[in-house]
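Subject: A structure for you to look at

Hello,

I am passing a structure on to you, with some notes on what turned up in it. Please have a look at it first and then read on below.

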Amino acid sequence: MASLARVRLAGRAMPRTHLASSPALALSRRGVATTADTTQLQGALPESATEPFTLKLHEDSFQSYLCDTPSLDVSITKDELLTMYKQMQTMRRMEMAADALYKAKMIRGFCHLAIGQEAVSVGMEHGIDPNDRVITGYRCHPFAVLRGGTIKGVLGELLGRQAGMSNGKGGSMHIFTPTFFGGNGIVGAQVPVGAGAAFAQKYRGEKNCTFAMYGDGASNQGQVFEAFNMAKLWNLPTIFVCENNNGRSSNTQYFTRGDRIPGIQVNGMDIIAATQAVKYARNWAVDQDNGPLLLEFVTYRYGGHSMSDPGTTYRTREEVQRMRSTQDPIRGLQRYLEEWGIATEQDLKKLDKEAKAEVDKAVEEAKALKDLWTDIYYKGTEPTSMRGREREEVPLLLNAPLTSLRRLGVSGLSVERGWCRVLGVGA
Ligand SMILES: Cc1ncc(C[n+]2csc(CCOP(=O)(O)OP(=O)(O)O)c2C)c(N)n1
Ligand SMILES: [Mg+2]
């Protein structure tokens, strides 16, 4: 593959004047790198895929505030790196499928994709415990899958189909698992809920923490600071995670903004650095019982804010293109795997194909049954007609045996100008 330039994202280096005026112990002198391919292999690779070996992260992978930075030495296995690669590819394929379904007008309403930010979602999952909790905003699809959901369930929800994780009735911000608390549309609202989840963990004596995620755009919300305060006062195991994908704030040093809560800024384009930071945070909050910590992942979103935003009014096409071609998290990991002799280009292409096949299958399964018309009204109070049916679904209903239609709750049909109209639903 083409060689990746090792470029630091222009304009993201930390202003030194601010650093100098920060508390002692506080900050190192440089901003974090956003390169995805600067980790070095230390020593020889073991034969076995499950035997750990050591990597050295780029010296600018982290910057800290009121705490030490995570170690640059990482212990990892070949298997884990390959799993990370496959998961990042799968998450990207899923988001690309959602993009295509939206453009085909099969997904309606909002659709917020996280293409470019895969090192954060997948990296987090490799650093946390299965019983930790995660809560985030609306850019939530990969987290839902990685926390025990399914691609079919996420896409089904976006499509409004029965296969969706909320039976298609909630939409993109209503996808939950026992350890993933959504999917939240109100900017910043999930942050105090996350602090509450961490309170519950502490109250119950569980050895777990909650990752309360938010964006740079949410970082000035009052409720975010209120949650910081309560978490610090009560020494809660809350990891506040800022996904900084565009730096929209008068103070862009998000990792320092917890006031008395220590923070770490992380290269969020390198999955190995992201995982290392999450392990550090868990150790901080759970093993050491040090209370909350703030993690800022410096990352990049390739698409617009949502499908209706071209994403080029507040940044140039050239900037997006530069990030894609030089600092992509998947290409960065691909480069490590090939350079270190862990996988060949062919091996990785095979994994890509598998990821695509898994997503294609999930798309077909997710499309299956639309069932938006049941469980809406209290039985007996249903109106005589409901809007929202797709044209192509009508012949499907007409071809169905009467018993199936009854099971779907359809109690009357009329044909108008060649189109079928549902007259009644419910028993
Ligand atoms: C309380 C509230 N205010 C405003 C909005 C409208 N809104 C939706 S997304 C957004 C920007 C949030 O940016 P950020 O938190 O950085 O997340 P990103 O989209 O970059 O992932 C705004 C202002 C909202 N949903 N809720
Ligand atoms: Mg943002």
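**Helix 5 and helix 11**

The axes of helix 5 (residues 151-159) and helix 11 approach within 8 Å and cross at roughly 45 degrees. Here axes are lines fitted to C-alpha atoms, for helices over the stretch in contact, and angles run from 0 to 180 degrees between N-to-C directions. Helices (H or I, at least four residues) and strands (E, at least two) are DSSP runs, numbered from the N terminus. The angle makes helix 5 oblique to helix 11; angles under 35 degrees count as roughly parallel, over 145 as roughly antiparallel, 65 to 115 as roughly perpendicular and the rest as oblique. On the helix 5 side the contact is made by Ile151, Lys152, Leu155, Gly156 and Leu159, and on the helix 11 side by Glu358, Val359, Ala362, Val363, Glu365, Ala366 and Lys367 (contact means C-beta atoms, placed from the backbone, within 7 Å). By class, these are 7 nonpolar, 1 polar and 4 charged residues, where Ala, Val, Leu, Ile, Met, Phe, Trp, Tyr, Cys and Pro count as nonpolar, Asp, Glu, Lys and Arg as charged, and the others, Gly among them, as polar.

Before going further, please note that this is a predicted model: local features need pLDDT of at least 70, side-chain atom pairs count only at pLDDT 80 or more, and totals for chains, interfaces and linings use all residues. Residues are numbered from 1 along each chain as its sequence is written, while chains are lettered from A and ligands numbered from 1 in the order in which they are written.

**Helix 2 and its partners**

Helix 11 (residues 345-367) also meets helix 2, with axes within 9 Å and a crossing of roughly 40 degrees. That makes helix 2 oblique to helix 11. Their contact has 8 nonpolar, 2 polar and 5 charged residues.

Helix 2 (residues 78-103) and helix 3 (residues 118-127) have axes that come within 10 Å and cross at roughly 135 degrees. Helix 2 is therefore oblique to helix 3. Glu80, Met84, Gln87, Met88, Met91 and Arg92 in helix 2 face Glu118, Ala119, Ser121, Val122 and His126 in helix 3 across this contact.

**The record and the ligand**

An unreviewed UniProt entry lists residues 345-372 as "coiled-coil region" (positions are in the numbering used here, feature names are shortened, and annotations may be inferred rather than shown by experiment). In the model that span is 82% helix and 0% strand, with its end C-alpha atoms 44 Å apart.

Finally, 13 residues surround ligand 1, and the closest are Val187, Gly215, Asp216, Gly217 and Ala218 (the C-beta atom, placed from the backbone, lies within 6 Å of the molecule). The shell divides into 4 nonpolar, 7 polar and 2 charged residues.

Best wishes

Terms used
Two residues are in contact if their C-beta atoms, placed from the backbone, lie within 7 Å.
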